[in-house]
Structures are given as C-alpha cells and as structure tokens.
Amino acid sequence: MKYLKILLGFLLCFFGRDGISQQHLSKTWSISTGIVLNAKGGNATLHYHLNSFDELRLNFYSIKQTYFSPSTENGLSLKTNSLSLEFSKGYKFRNIKKATTYFGMGFFWGKEKIEEEILPTNNLFGVSTLHETEYAPLNWVALFVRLKMLIPIHLARSKTLRLTFGSRFYF
C-alpha cells in the first residue's frame with residue numbers, strides 16, 4: 001500500500017511543469033518498477049536504449065496468487081518468479097508529445113511453487129509479449145501501464161496475463 005501511495009504521488013507530476021520525454025536519447029539506461037494489478041506482486045525492469053526508441057529489457061516479476069487445488073477446499077498460495085529478456089520498439093504519438101507506446105517480444109524463464117509443497121516446483125519457459133504505454137511529465141520520470149502476456153511452452157499454473165502500473169526513471 002505504501003508503494004501504491006508513492007506511485008499515486010507521481011500522478012501529481014501530470015499537472016506540473018512541461019517536460020519532454022527522454023526516449024530520444026540513445027545508449028542510455030532507465031529502470032522501471034511497478035505493481036501487478038491482477039495479482040499480488042511487483043516488477044522491476046532494466047532498460048537499455050539502443051537508439052531513439054528501440055530497447056533491450058531485462059524484466060523480473062515476483063507475484064503471489066491464490067491457487068485452488070482439487071484435493072482441498074482451502075485456497076493455497078502460488079508464488080511465481082520469472083525473468084525475461086525482451087526487445088521492444090517504441091512509437092511516438094504525434095499529438096501527445098510526452099507519450100510513447102512500446103511493443104515487444106522476448107523469452108522468459110521462471111519457477112512457480114505452491115507454498116505448502118503439495119505439488120513439485122514447476123519450471124517455466126516460453127515466449128513473452130508486451131504492450132506498454134507511458135507518459136513522461138518530467139524529463140527524468142515517466143508513468144506507464146504495461147500489458148504482458150506469457151506464452152509458456154508447457155502448462156503453467158500462474159496467471160500468464162499481467163497488468164502492471166508503475167514509474168520509470170531515466171539516468
């Protein structure tokens with residue numbers, strides 16, 4: 001809840017001074033953190049800007065969700081950690097100069113485990129896709145909404161669709 005208050009504080013930046021987004025810089029870094037809205041958990045992403053809008057991204061997700069097993073009536077907790085490496089391409093809006101949208105694809109690896117160890121740890125591997133729209137009210141910060149879809153090669157118990165809201169810092 002504390003992190004959510006910090007993110008909502010950045011919404012005040014929308015009404016602050018005009019600034020331009022930093023996506024035009026090449027060979028620079030940025031980092032983003034966010035909360036996953038459709039599960040309990042968070043996300044951290046390291047971005048490397050190849051040119052004006054193309055990026056390499058290293059994502060880490062850690063989510064926890066209620067998982068129901070057919071053999072019990074109680075809800076069990078399923079913890080999932082995943083790491084992904086992706087390439088994304090950005091597109092600038094013509095009329096909204098501070099907004100950018102990204103489309104990307106890559107590979108992910110991860111593990112999911114039920115906390116009571118009823119089932120063994122499940123290793124995950126597959127393809128990930130993403131769509132992200134961000135708004136940069138200041139030169140060094142942007143707010144984003146990311147829709148990420150994981151397409152595992154085999155069965156996954158955890159949610160494969162992740163909706164993330166967060167902030168991105170340029171340095």
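Accessible areas here come from the Shrake-Rupley method with a 1.4 Å probe. On that basis, the accessible surface of the protein chain comes to about 9600 Å². Carbon and sulfur atoms account for 66% of that surface. The model is predicted. Of the 171 residues in the chain, 42% count as buried.

The protein chain holds one helix and eight strands. Along the sequence the order is α-β-β-β-β-β-β-β-β.

Strand pairing was examined next. β5 (99-114) and β6 (residues 122-135) run antiparallel and are joined by 14 bridges. Within this pair, G104 has L130 of β6 as its bridge partner. β6 also pairs with β7 in the antiparallel sense, over ten bridges. There, T129 is partnered by M149 of β7. A hairpin of five residues connects β6 to β7. β7 (residues 141-152) in turn pairs with β8, again in the antiparallel sense, over nine bridges. β8 is also joined to β1 by seven bridges, and these two strands run antiparallel.

Strand β8 spans residues 161-170 and is mostly covered. Seven of its ten residues are buried. R168 of β8 stands opposite S32. R168 also stands opposite A142. R168 itself is buried, because its relative accessible area of 0% falls under the 20% limit.

The charged side chains of the model pair in several places. Side chains of opposite charge can pair when their charged atoms come close. Eight salt bridges were counted, with a side-chain nitrogen of Lys or Arg within 4 Å of a carboxyl oxygen of Asp or Glu as the criterion. R168 forms one of them with E55, and the closest N and O atoms are 2.2 Å apart. This pair links distant parts of the chain, with R168 in strand β8 and E55 in strand β3, 113 residues apart. E55 is buried too, with a relative accessible area of 0%.

R168 also meets E134 in a salt bridge, at 3.0 Å from N to O. Here the link runs between strand β6, which holds E134, and strand β8, which holds R168, 34 residues apart. E134 has a relative accessible area of 1% and is therefore buried. These bridges belong to a network of salt bridges that links E55, R57, E132, E134, R146 and R168.

A further salt bridge joins K148 and E86, with 2.3 Å between the closest N and O atoms. K148 lies in strand β7 and E86 in strand β4, so the pair ties together parts that are 62 residues apart in sequence. Both K148 and E86 are buried.

R146, a member of the salt-bridge network, lies in strand β7. R146 counts as buried because its relative accessibility is 1%. The side chain of R146 makes a polar contact of 2.8 Å with the side chain of E132. A second polar contact, of 3.5 Å, joins the side chains of R146 and T45. Leaving aside residues up to four places away in sequence, R146 touches residues including S32, N43, H47, R57, N59, Y61 and R162.

S88 lies in strand β4. S88 counts as buried because its relative accessibility is 0%. Its side chain makes a polar contact of 3.0 Å with the side chain of R57, which is part of the salt-bridge network. Beyond four places in sequence, S88 touches F53, D54, E55, R57, Y102, F103 and G104. The C-alpha atoms of S88 and T129 are 9.2 Å apart, although 41 residues separate the two in sequence.

The surface carries a nonpolar patch of about 1200 Å². W29, I31, L46, L58, F60, L83, L85, F107, W109, F125, I153 and F171 make up this patch. β1 (29-36), β3 (54-68), β4 (75-92) and β5 (99-114) each supply at least two of its residues. L83, one of the patch residues, is found in strand β4. L83 counts as partly exposed because its relative accessibility is 37%. Strand β4 thus holds L83 as well as S88; L83 is partly exposed, whereas S88 is buried.

Methods
Residues are numbered from 1 along each chain as its sequence is written. This is a predicted model: local features need pLDDT of at least 70, side-chain atom pairs count only at pLDDT 80 or more; totals for chains, interfaces and linings use all residues. Side-chain values use heavy atoms; hydrogens and water are left out. Patches are made of residues with over 30% relative accessible area and no salt bridge: like charges are joined within 9 Å, nonpolar side chains (Val, Leu, Ile, Met, Phe, Trp, Tyr) within 5 Å. Helices (H or I, at least four residues) and strands (E, at least two) are DSSP runs, numbered from the N terminus. Buried means under 20% relative accessible area, exposed over 50%, partly exposed in between (1.4 Å probe, protein chains only). Two strands pair if DSSP finds at least two bridges between them. A polar contact is a pair of N or O atoms within 3.5 Å; within protein, one must be able to donate a hydrogen and the other to accept it, and residues adjacent in sequence count only if both atoms are side-chain atoms. Contact means heavy atoms within 4.5 Å.
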